[in-house]
Amino acid sequence: MNIKTKLIALGACAIASGCSVLSPQPDRSRFFILSPISDNGTVTANPPSTAPNAPLTIGVGPVDFPDYLRRLAVVTRVTPNRIELSDEKRWAEPLDKNFTRVLSENLATLLNTQRIEKYPWPLTSKVDYQVEIDVQRFESLGDGQTQLIANWIIRDGHTEKILYASKTTAGAPAGPDETSASEALSNDLATLSKEIASRIGELETSR
């Protein structure tokens, strides 16, 4: 059997067995999102001592994210100076937008208000408090933990004066299943949301 005949025979075999290198490969991508605190059914609004007497209008943003997190691929920090991007795990929407959306939902739940304005809001919209956040880290770590580090400030919505500034560092263990990292990061975001909501409640009470 000459070479040409052998190649034809091999090609026919590959096509018949469905093992052609040109055949479509299955898409193994899995998509994840952050979840708001209301999804777990156990979160209540702020304690009566700090809860506002009337619904507030809260302005959320700007929320600044590092560029390396502004992507759909899930990021894992394996060393202080190296990250890995997953080939299969993806965020279902840009992480900074998902973060801001869930933060807004959390604050609405914790402060018992539906008056949430996302930056930039119209000039005709008047907010009572503006929350600005600078996210430094929001990712999984190589040891199975997650990490959130964020600086944040609360401004008077009328005068733009800074009323409070703080930094939140939160982390949670991620379990072995593939959704555990997004759940742990959601818990980290819940921690940040509760700290912000608690401070807004105290500021409103002291007015």
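Mentor: Accessible areas come from the Shrake-Rupley method with a 1.4 Å probe, and for residues only the protein chains shown count as cover. The accessible surface of the protein chain comes to about 11900 Å², and carbon and sulfur atoms account for 53% of that surface. This is a predicted model, in which local features need pLDDT of at least 70 and side-chain atom pairs count only at pLDDT 80 or more, while totals for chains, interfaces and linings use all residues. Residues are numbered from 1 along each chain as its sequence is written, and side-chain values use heavy atoms, with hydrogens and water left out.

Of the 207 residues in the protein chain, 37% are buried (under 20% relative accessible area; exposed is over 50%, partly exposed in between). The protein chain has three helices and eight strands, taken as DSSP runs (H or I, at least four residues, for helices; E, at least two, for strands) and numbered from the N terminus. Their order along the sequence is α-β-β-β-β-α-β-β-β-β-α. A contact means heavy atoms within 4.5 Å. Among contacts between residues at least 6 apart in sequence, 67% join residues at least 24 apart.

The part to look at is a pair of helices. Helix α2 covers residues 95-110 and helix α3 covers residues 180-205; their axes come within 9 Å and cross at roughly 45°. That angle makes α2 oblique to α3, since under 35 degrees would count as roughly parallel, over 145 as roughly antiparallel and 65 to 115 as roughly perpendicular. The axes are lines fitted to C-alpha atoms over the stretch in contact, with angles from 0 to 180 degrees between N-to-C directions. The crossing of α2 and α3 is right-handed (the near helix is turned clockwise from the far one by less than a right angle).

On the α2 side, the contact is made by Phe 99, Val 102, Leu 103, Asn 106, Leu 107 and Leu 110. On the α3 side, Leu 189, Ala 190, Leu 192, Ser 193, Lys 194, Ile 196 and Ala 197 take part. By class, the contact has ten nonpolar, two polar and one charged residues. Here Ala, Val, Leu, Ile, Met, Phe, Trp, Tyr, Cys and Pro count as nonpolar, Asp, Glu, Lys and Arg as charged, and the others, Gly among them, as polar.

Terms used:
Buried < 20%, exposed > 50% of the residue type's maximum accessible area, 1.4 Å probe, protein only.
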